[in-house]
Amino acid sequence: MNLLFFLTPKQDVAFLYEDFTLRQALEKMEYHRYSSIPVLNRVGEYVGTMTEGDLLWAIKNQGIDLDDAEDIPLSSIPRKRDYKPVAVTTQMDELVAAAMTQNFVPVLDDKKSFIGLVKRNAIIQYCYDRYRAVAPMLDGQKTGKSSERKVF
């Protein structure tokens, strides 16, 4: 299976630019109701992942109010952990391994440009659908009954 099957393209992804302000980040994350969001530079390269926690710790530790947030560049806020990106050619086992510890997996092309992301729930939905398709056959094997109807 090709990871492009699961890709949400960049044009459909909300992201932040690293030169945004803290306030712009808060507003964008609130509008899209995201708890984490990719951060890109203006060339389109993936820089990292900003989380609600990163923003909250910055506000707490620096004593920032909403007016101050307009003057604080996002690049000055420490990020606890950046989500590991994968190449567009990544195999499914590596993609699933990354998705187990991240809400989304950033996907980069061969020039290291951000082209979109794979959401963990897209992988889970695919696995669930596959399981549902196979489960009736497995149930038939457990009971020793054939899933085919016999006509006399």
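Visitor: How do you know that β1 and β7 pair, and in which sense do they run?

Guide: In this predicted model, three bridges join β1 to β7, and the two strands run antiparallel. Two strands count as paired if at least two bridges are found between them, so β1 and β7, with their three bridges, meet that cut-off. Within this pairing, Thr 8 stands opposite Leu 117 in β7.

Visitor: What makes β6 and β7 a pair as well?

Guide: Strand β6, which covers residues 104-108, is joined to β7 over five bridges in the antiparallel sense; since the cut-off is at least two bridges, β6 and β7 count as paired too. Leu 108, for its part, stands opposite Phe 114 in β7. The two strands form a hairpin with five residues between them, and in that turn Lys 112 has a positive phi of about 70°.

Visitor: Why are β1 and β5 called edge strands?

Guide: The open sheet is formed by four strands in the order β1-β7-β6-β5, and its pairing is mixed. β1 (7-9) and β5 (86-87) are called edge strands because each of them pairs on one side only. In general, the strands of a sheet pair through backbone hydrogen bonds, either parallel or antiparallel.

Visitor: What makes a residue part of the lining of the largest pocket, and which residues lie nearest its centre?

Guide: A lining residue must have an atom within 4 Å of a point of the pocket, and 15 residues line the largest pocket, with Tyr 34, Ser 36, Asn 103, Phe 104 and Lys 119 nearest its centre. The volume of this pocket is about 230 Å³.

Visitor: Which elements supply at least two residues each to that lining, and which gives the most?

Guide: β3 (36-40), β7 (114-119) and α4 (120-143) each supply at least two residues of the lining, and β3 gives the most, with three residues. Sorted by class, the lining of the largest pocket has seven nonpolar, four polar and four charged residues.

Visitor: Where does the record place the CBS domain?

Guide: UniProt, in an unreviewed entry, lists residues 7-66 for "domain: CBS". Over those residues the chain is 37% helix and 27% strand, and the end C-alpha atoms are 35 Å apart.

Notes: Residues are numbered from 1 along each chain as its sequence is written. This is a predicted model: local features need pLDDT of at least 70, side-chain atom pairs count only at pLDDT 80 or more; totals for chains, interfaces and linings use all residues. Side-chain values use heavy atoms; hydrogens and water are left out. UniProt positions are given in the numbering used here, feature names are shortened, and annotations may be inferred rather than shown by experiment. On a 1 Å grid over the protein atoms alone, a cavity is a set of points where a 1.4 Å probe fits but cannot get out, and a pocket is an open set with protein on both sides within 12 Å along at least five of seven lines; lining residues have an atom within 4 Å of a point. Grid points are joined across faces, edges and corners, and a volume is the space filled by probe spheres set on the points. Ala, Val, Leu, Ile, Met, Phe, Trp, Tyr, Cys and Pro count as nonpolar, Asp, Glu, Lys and Arg as charged, and the others, Gly among them, as polar.
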